[in-house]
Amino acid sequence: MRKAQKVKKVKLGKLAKREARMGYIFVLPWIIGAVLFLIVPLIQSFQYSLADIKITPKGMKIDFVAFENFTQIWLEDAEYPLALGGYFWETILSVPIIVVFALLIAMFLNQKIRCKGLFRLIFFLPVIIVSGPVMNMLSSQGAATIPSMNVAAIRSALEGFLPYYIASGFSDVFSNMIMILWYSGVQILIFLSALQKIDSSLYEAAKIDGGSGWECFWKITLPTIKPMILLNAVYTVIFLSNNEQNNIINIIQNAMFAGNKGYGYASAMAWMYAIVQTIIVAIVAVLLLTRKDAYDKQVKRRKKELRKQNRTLRRIRRRNRRKEKSVSSLSKSKGNVAWHTIRKNSMTLGKNGGEEHEKA
Amino acid sequence: MKKHNIISIENKRPRVNKDKLRKLLLGTKEKKGLLNQLFLYSLLICIGFVYLYPLLYMISKSFMSLEDLLDTSISWIPSKLNFGNYLKAARSMDYLKTFLQSVIVAGIPTLLNVIVCSFVGYGFARFEFKGKKLMLGILIFSFILPPQITMMPTYVLFNNLKLVGKLQSFLIPALLGQGLNAQIFILIFYQFFKLVPKVLIEAAHIDGAGFFRSFLRISVPSAKPAYITVFLFSLVWYWNESYLTQLYVSGVYIKGTLSTLIIKLKQFDVNYNTMQTVEGVATSNNESIRMAATLLSILPVLIMYFIMQRSFVESIDRTGITGE
């Protein structure tokens, strides 16, 4: 199938051409949108971040100031670098909690239990009502902590052996525990539907071979849903970043309209924020990206070896042929008899040489 | 006689022996034991309670009068049902008008979002053209990119076009496939339309249907679950969006004409205090009234969720994110 398409690529038929044109027509709204609301703003925003922008009655005045915005944020802004660090810590801490929790709940719900629908209903409920202002209202009333959890005790215990900065990140996570659990609704459902698609005959086979539930989890469940873990982790990072509970996006919005900061300053903030978020996504991706399994690796190594051998063989043959040529040109002048003997010698020599090569 | 004796002996044997009890409690390889089940259910119920705790707290607090709030002996159940908080909150939020406005602000962009995303998703799924891989890459990249980066130039653009504070600033991106979370929706439709057999569409072409007709008559009806999913999620996400709505539609400095319940909730304290000073209402703002306002602002989506719960909960199964 793929090969056929590749052949087509050389010269498109009339039908294929028309189909491609229709494809462009269908995607056209998105292309325009992407240029208008993604690529152009991206370039402009980069330009803004390197400029000081003043809004005058005549319009916008853009002064190029190179990296002044960035240095100003790092050196003079008291709030933003701290907020950025706090965001980094909290996200790194909450992503594993959310993903592991979602996986646990999904595993519970995947078993044969009654009222499965009801539980699913409860665990998905937060997705419907979660929004910045609602969350702010709830957490300001203290409804976001698990009632019997003593956050102050945890905090003081952590501060005993951790630096203040890290400890405060931990205790923030604990004091907003319910909110963090609330964010895992979509993840639970994704895991659940992935778990239901695992072939049950795999588990039966493992059970016959004497595998316990614990082993089944590590050897069958986890490898099968690994791509979903990556998906969920990335989704969680993005969700946490664009959530209004996250203080940074509010700082950026305030900076946008503040008299002494303006668009340029806010753009620089947004770029730094994007870089931090990308770093987090990259960390998650590197940790969870599916590696090739051991068998694949072995096959690859073997193929590589084979190719190397072939190459050396070919090289040896080529060398022999070259020798032959030079010898034959020599022998033509001398006569036939001598040529025969020399050729024989060179053949054996070549063979020996080849074997030696292979051994090496 | 003898037979009877045997039976009586058998009856005297203890019914529950140790082995059976162990099997019942701890379970065998085939069946989960009673203890196991008990543990599972209690854990699930505990977590379920933790999940519902903020909601229950909200409901309980919203019915309390000021005396109940101050009374330390009352923690959960108010002394009497008190709807005064709801009335005050609703008046301060201008509930009915704001509710209708929220329906407009969430509903119309959602409709556009659904239509355009299905269109684009079909284009990606059905046709082969140059640069498709690159475009899909850009699509995913734009999902990871925080919207704060493109926010400022877009705001400037809308400001120059005098669209800030109007609904058009939401409609135009939605019309061009850049609505709220449109990337996810395009990918959902992409997955779905890929599953529609190509043979069906080719048969329609042979019978003389054009590209649009085969899309409308064959692909759209078969993707009904995807449409429902995208519609519901888009509606809920637009409803709950406050950051961008405040920036573009209701306006931060340029006051727009439209507002939503969520934004009113965000500005609740300020609004309530002005109402209080203007109208001279006796009771000052307290947490009961705030909780009542919170509940009021999420009530419409909550009701929708309980009516449409099946479509919500099963939506992710049907979208095929997890691969078929």
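B:Phe233 sits in helix H13 (residues 224–240) of chain B, where helices (H or I, at least four residues) and strands (E, at least two) are DSSP runs, numbered from the N terminus. B:Phe233 is buried, with 25 other C-beta atoms within 10 Å. Here a residue is buried if 20 or more other C-beta atoms lie within 10 Å of its own, exposed if 12 or fewer, and partly exposed in between, with C-beta atoms placed from the backbone. If you look for B:Arg310, you will find it 77 residues from B:Phe233 in sequence and 13 Å away in space, C-alpha to C-alpha.

Before going further, a word on how to read this structure: it is a predicted model, in which local features need pLDDT of at least 70 and side-chain atom pairs count only at pLDDT 80 or more, while totals for chains, interfaces and linings use all residues. Residues are numbered from 1 along each chain as its sequence is written, and chains are lettered from A and ligands numbered from 1 in the order in which they are written.

How confident is the prediction? The model scores ipTM 0.81 and pTM 0.78. Chain B averages a pLDDT of 82, and 87% of its residues score at least 70; pLDDT is the predictor's confidence in each residue, from 0 to 100. Among the elements of chain B, helix H1 (residues 2–12) has the lowest mean pLDDT, 53, while helix H6 (residues 95–126) has the highest, 91.

Now step back to chain B as a whole. Its secondary structure comes to 19 helices and zero strands. Of the 324 residues of chain B, 36% count as buried. Among the contacts in chain B with a separation of 6 or more, 74% are accounted for by residues 24 or more positions apart; two residues are in contact if their C-beta atoms, placed from the backbone, lie within 7 Å.

B:Lys97 and B:Leu258 are 161 residues apart in sequence, but 9.8 Å apart in space, C-alpha to C-alpha. B:Asp94 has a positive phi of about 55° although it is not a glycine, and it is partly exposed, with 15 other C-beta atoms within 10 Å. B:Lys162 also has a positive phi, near 60°, in a residue other than glycine. You can find B:Lys162 in the loop between helix H8 (147–160) and helix H9 (168–175) of chain B, where it counts as exposed, with 10 C-beta neighbours inside 10 Å.

Let us follow H5(B) to a helix that it packs against. The axes of H5(B) and helix H17 (residues 287–307) of chain B come within 8 Å and cross at roughly 65°. Axes are lines fitted to C-alpha atoms, for helices over the stretch in contact, and angles run from 0 to 180 degrees between N-to-C directions. The angle makes H5(B) roughly perpendicular to H17(B); angles under 35 degrees count as roughly parallel, over 145 as roughly antiparallel, 65 to 115 as roughly perpendicular and the rest as oblique. On the H5(B) side, the residues that meet H17(B) include B:Tyr86, B:Ala89 and B:Met93, and their partners in H17(B) include B:Ile289 and B:Leu296. By class, this contact of H5(B) with H17(B) has eight nonpolar, two polar and one charged residues. Ala, Val, Leu, Ile, Met, Phe, Trp, Tyr, Cys and Pro count as nonpolar, Asp, Glu, Lys and Arg as charged, and the others, Gly among them, as polar.

Finally, turn to where the two chains meet. The contact takes 74 residues from chain A and 68 residues from chain B. Helix H2 (residues 14–49) of chain A gives the most to the side of chain A that touches chain B, with 20 residues. By class, that side of chain A has 54 nonpolar, 15 polar and five charged residues.
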